[in-house]
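Hello,

Here is the structure I promised to pass on.

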Amino acid sequence: MAMINRTIAPEIKNAVDFTFSLKPIEKWTLDNGVEVYALNAGEEEVVQLEWVFFAGNSHEPKNMVASATNFMLKNGTSTRNAFEINEHFEFYGSYLNRNCYNETSNITLHSLSKHVEALLPVVQELVTDAVFPQEEMDIFIQNTKQRLEVNLKKCDFVANREIDVLIYGKDHPYGKYSSAESLDALTREDLVQFYEQHYRQGSCILFVSGKLPANLQALLNQYFGQLKWSKATVKPKSPLALPNALPANRQVRIMNDENGVQGAVRIARHFPNRHHPDFQEVQVLNTLFGGFFGSRLMSNIREEKGYTYGIYSYLQNHVEQSAWMISTEAGRDVCEATIAEVYKEMEILRNEPVDEEELLLVRNFMLGSILGDLDGPFQIMGRWKGYILHGDDESYFYRAIETIKTVSAERLQELANQYLQQELFYEMVVV
């Protein structure tokens, strides 16, 4: 057997030379029409099961009802209190979590494959028999108000809330935020009604991945295929029209902490959702601009100027519409200078095409990130879930790979001239 010559470095391969494939998934349908997307893969005897309900903030009749209902699912049924529910999942070494987003909310279960059968009946109990005890609700409201009071002292937290209000408006689901008043206005009846409509009789999609038990399909049908759920219909949302001009007050400065030494900077503009033909190419432009540690914004504002520990730009992953956001925290005396440098980097991208070496770095970073995202069944299913909930299919994945590999410097300069114009961006500084 030939010895490896360790004096010669191994050949470096660019990610652009790799062939990418997205592992296919199965689709099952329960007796009530609810769809289950399944990926049986992985080396470990673990599974992830996710129930996605169309019960996010955009469905609530009153602020905070969706998130409060979702949180309280685990806080008591007619036969178990919150402690007993938590103890049951912990006894089997499993983890049950729930989250609420703009359009959807979910329940996620991580478990050893062999314990799924003992856990599914209790998940069924949560979605059919939660009772929302008043004392648990009072604790939830009190704890949430205390957390909110602490967070409102943080410039970063305030900036994240207020920039969304600027972009979408305070009555839009993406612009709404929590307040002590909206928490105080919640009643147990609000939660019970929302639960009845959106959980007991709502629409649901299931995503299951990992080493799946052989009888999982039968178990899911036994516990969830007989419920009064309906099949969720997901249609691609057409990209919404963008405003031609921003209001005069697009520059906002907020004093939040007179003694603070840092300020939170947000620069953002409206942007179409992921179904717009430019979206995937703009993702490449965004990565170059501020989407990774080697980006233009990071090189200038962190490395050269030392204004911040980190600055990033990204496209919000909303279903209806999106926004292009630049986000950082900087010393309060250099916040305005930071904004000036962001606009300077936009101008350079408009006026000068990126050279091939830097573009290759961006391509390799983006493709390498996708390779990392495809490592393991839970990550693969996470990508599939994103496509399905946005009304896409696997062709979106392959178009993205092709775009990253082939988009030209000239095209990126064109897009910069179209989208990276200073007058299209809101600015916010919270100090």
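Let me start with R253, which counts as partly exposed because its relative accessibility is 39% (buried means under 20% relative accessible area, exposed over 50%, and partly exposed in between, with a 1.4 Å probe and protein chains only). Before going on, please note that this is a predicted model, in which local features need pLDDT of at least 70 and side-chain atom pairs count only at pLDDT 80 or more, while totals for chains, interfaces and linings use all residues. Residues are numbered from 1 along each chain as its sequence is written, and side-chain values use heavy atoms, with hydrogens and water left out.

What does R253 pair with? Its side chain meets that of E336 in a salt bridge, 2.8 Å from N to O (a salt bridge is a side-chain nitrogen of Lys or Arg within 4 Å of a carboxyl oxygen of Asp or Glu). Because R253 lies in strand β8 (residues 251–254) and E336 in helix α11 (residues 335–351), the pair ties together parts that are 83 residues apart in sequence. Helices (H or I, at least four residues) and strands (E, at least two) are DSSP runs, numbered from the N terminus. E336 is partly exposed too, at 44% relative accessibility.

R80 forms one with E125, where the closest N and O atoms are 3.2 Å apart. This pair links distant parts of the chain, 45 residues apart: R80 is in the loop between α1 and α2 (82–91), and E125 is in helix α3. Are the two partners buried or exposed? R80 is partly exposed, with a relative accessible area of 25%, whereas E125 is buried at 14%.

The other joins the side chains of R411 and E414, at 2.7 Å from N to O. Both lie in helix α15 (residues 409–419), 3 residues apart, or about one turn of the helix. Salt bridges that share partners join R411 and E414 with D278 and E281 into one network.

Now to helix α7 (residues 188–200): its buried residues are D190, L191, F194, Y195, H198 and Y199. They pack against β3 (46–53), α1 (65–72), β5 (105–112), α3 (116–129) and α4 (134–151), where contact means heavy atoms within 4.5 Å.

Finally, E357 is found in helix α12 (residues 356–373) and counts as exposed, at 68% relative accessibility.

Happy browsing, and do write back with any questions!
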